[in-house]
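Dear colleague,

Please find the structure we discussed directly below.

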Amino acid sequence: MDAPVIHEFDTVIVGAGGAGLYAALELAREGVPTAVLSKLYPTRSHTGAAQGGICAALGNQEEDHWEWHMFDTVKGGDYLVDQDAAEILAREAIETVIELEHLGLPFNRTEDGRIDQRRFGGHTRNYGEAPVKRACYAADRTGHMILQTLYQQCIKHDVRFFDEYAVVRLLVEEGSARGVVAYRIADGSLHVFRAKAVMLATGGYGRVFRITSNAHTLTGDGMALAYRAGIPLEDMEFYQFHPTGLAGLGVLLSEAARGEGGILLNGKGERFMERYAPTLLDLAPRDVVSRAIYNEIREGRGVDGKDYVWLDVHHLSRAVIDEKLPDITDFARIYQGVEPYTQPVGIQPTAHYAMGGIPTDVTSRVVIDDRNTVAPGLYAAGECACVSVHGANRLGTNSLLDILVFGRRAGRDMARFVRETDLPDLPADPAEPVRAELDELRSRKEGEPPAQIRRELADVMMDDVSVFRTDETLRRAQRVVGELRQRYARVRVQDSGARFNLDLLEAREVGYLLDCAEVTVTAALARQESRGGHYREDFPERDDTNWLKHSLASRTDAGPVLRYKPVTITRFTPKPRTY
Amino acid sequence: MQVNLRIQRFDPEHDTAPRWQEYQLDVDPMARVLDLLHMVKWEQDGSLTFRRSCGHGICGSDAMMINGRNRLACKIRVDQLGRKISVSPLPGLPVIKDLVVDMDGFLAKYRSVHPYLVNDQPAPERERRQSQAQRAVFDDTTKCILCGACTSSCPSFWARPGYVGPAAIVNAHRFIFDSRDEAAEERLQILSDRDGVWRCRTIFNCVDACPRGINITKAILEVSGAIVERTA
């Protein structure tokens, strides 16, 4: 049996999307030896799929203030947002976007050469009066340009990448980070990375749902590995369904389509958002619009009585469509065979974003309990983390902002931390538990394929844990997820090879998804209220008296155990949320 | 509809040479080739190996040769291909396993053209100004997703693997023509090398192959034009 390869760095970053790359860039500028591990090539990361824009109160098009942005973020999150974090998000948005421009990001421009801005859901002027032009963008490939720009700058600064290394174990001993164990996909070898600080930036777990905008590789790896290492997961009951996924596929059509003037129509041709959000209409926050669509469909007003409605941009000029929405109109042509110049596009809500995740403070340090005790050397940022700037529902564009603001903060604080810290001792045989798991998986002769379990999991999560939830659906999901976990113990892979064994990796990923699903369902069942993306038909009102608090789910042998911690409220006291 | 899917398989742990394997599938005409590959992997043969991630043409993982042309498997439908579909790895790159190729050489060429903004002036407090017209000059080449479809479709690259290739030139173009960048000269120097832009024979395979619709040959000609202008 080959011994694992041991690497030593000051910091290890797991995941090479926007959060990981921005942290890596900060560390490279500070001269800190850093390894960036990705199970893909960095430019394949899902940051690249973000389309519509990144909000910052630059005021290039009309009056705007970061306080308005902060308010929108807090209200959009149904007041579960930690307001100290939201203030940082809205304030640092401005310098972050400017820095991105300096790093080379090719933003669309105004006539006088400044960064152009457009409207986006839930972003308003003067505390909710009307939509405001706040989203800075590069056509409808803003995320692609962010990912490219950061990767380019990392190349310029000689960042050390380990491409196609899947992290399979997080090393935490006595509450502090020691490193990670990774599986090199190319040859199946195990690698131990010993480090003073570890940052998790692994993205979300959208593949736990049947209809999703998320990449196939978004399987909750970082969240599950943290959870298994004794870190709780925060607010996992809050999962966002984006209103406009391509019907049947879930591929995202950006809110920018509505920001540029596109509208939603039901099967009868009615602009139904007039009934649900009279002020912001189609640009209401995503949870509101997704519920409206589900409601229209449920009441028989989907297209031909089916489970989708229309997104219509045909009244926009072809120049606007071609210059500002080229990719998403192409998606409609390729995947549905419709021509958006003249025809409406069938859309349905698609699982999009986890508001919850690994709890962190505003310097992206992981915190492990209701007193926000820091786990020394452990950091997290982006979708896998919960800081919490999104609360119960994230506003459009705020995820790009989150990865950049808190990715950058993670890099800066890690640079400080490693200067004050010695390289920690590794636990004995750190790779051994993983090697045993992988060997058992590879050598099992009987059992069912991982794809079957993943499919059934995605079905039950979609049917019972999506936009509408009740005690009954959640209990059913809890039972099914429990059964699937038992079946997973006997999962079998067909590929027993060492080289590029993605069969084995997919089986691991199903395990991560099951962990995320179990926590999501448990936290959703416990929360007897409706708030943001968590809507309980049996408890349709928000209940600030009992539920204005974050959930923390910790792993035990008997399943997740829930605790709660208070929400940080600074400027904006909770009010009823109407649009 | 019934489809005959032929996939080139190669597992270096067992095979001495690539072999073809056929699968009969009953599929929706609107299904993409990626869906077909998943059907095989998830329902018949878990050992079939291919890269994929986003599944909608933006991450660039699943470039492969499909019915004789380089494309993204997630961006081409069955009804565009017919009942006989043949899939093999990108040509001209070393095969690791089945449809997975070694991209390291491709990425080394990308890195060789300094694909990042260089501007050593002190950063202004706000954004650098750039007119819409200045921005439009390099818009097309910002779309590149580094999938490798263009470079591995290029006969000049097949004939001379040292050729830097269309993808690297596209990414050089993106900065050479960016009004904010100051390193055009050094990139033009790199690309005027014997393995630089002059290897392009304007065969247009790259334009055909690009899943992002980038007019790559035009970009290459603009770069070679700039080299000529500089030495004139």
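**Contacts between the two chains**

I begin with one pair of residues: the side chains of A:E506 and B:R52 form a salt bridge, with an N to O distance of 3.5 Å. Please bear in mind that this is a predicted model. In total, 8 salt bridges are counted between chain B and chain A. Polar contacts across the interface of chain B and chain A amount to 44 residue pairs, both residues having pLDDT 80 or more.

Several elements of chain B give two or more residues to the side that touches chain A: helix 1 (33-44), strand 6 (95-97), helix 2 (104-112), helix 3 (132-137) and helix 5 (166-176). Helix 1 of chain B gives the most, with 6 residues. By class, the side of chain B that touches chain A holds 27 nonpolar, 15 polar and 24 charged residues.

As to the extent of the interface, 66 residues of chain B are in contact with 63 residues of chain A. The two chains bury about 5400 Å² between them, and 49% of this area is on carbon and sulfur atoms. Of the area that chain B buries against chain A, 12% is supplied by B:W42, B:H56 and B:E127, more than by any other three residues.

**A residue in helix 1 of chain B**

B:V40 lies in helix 1 of chain B. Is this residue buried or exposed? B:V40 counts as buried because its relative accessible area is 0%, and the cut-off for buried is under 20%. Leaving aside residues up to four places away in sequence, B:V40 touches B:L5, B:Y23, B:L25, B:D45 and B:L48. The C-alpha atom of B:V40 is separated by 51 Å from that of B:R129, which is 89 residues apart from it along the chain.

**Backbone points in chain A**

- A:V387 and A:S388 are joined by a cis peptide bond, with omega at about -10°. A:S388 is placed in the loop between strand 18 (385-386) and helix 11 (398-419) of chain A.
- A:Y79, a residue other than glycine, has a positive phi near 70°. A:Y79 is found in the loop between helix 2 (66-76) and helix 3 (83-102) of chain A, and counts as buried at 2% relative accessibility.
- A:N126 is not a glycine either, yet its phi is positive, at about 50°. A:N126 sits in the loop between strand 4 (117-125) and strand 5 (130-136) of chain A, and is partly exposed, with a relative accessible area of 28%.

With kind regards

Notes
Residues are numbered from 1 along each chain as its sequence is written. Chains are lettered from A and ligands numbered from 1 in the order in which they are written. Side-chain values use heavy atoms; hydrogens and water are left out. Contact means heavy atoms within 4.5 Å. Buried area is the accessible area (1.4 Å probe) that two parts lose on being put together, summed over both. A salt bridge is a side-chain nitrogen of Lys or Arg within 4 Å of a carboxyl oxygen of Asp or Glu. A polar contact is a pair of N or O atoms within 3.5 Å; within protein, one must be able to donate a hydrogen and the other to accept it, and residues adjacent in sequence count only if both atoms are side-chain atoms. Helices (H or I, at least four residues) and strands (E, at least two) are DSSP runs, numbered from the N terminus. Ala, Val, Leu, Ile, Met, Phe, Trp, Tyr, Cys and Pro count as nonpolar, Asp, Glu, Lys and Arg as charged, and the others, Gly among them, as polar. Buried means under 20% relative accessible area, exposed over 50%, partly exposed in between (1.4 Å probe, protein chains only).
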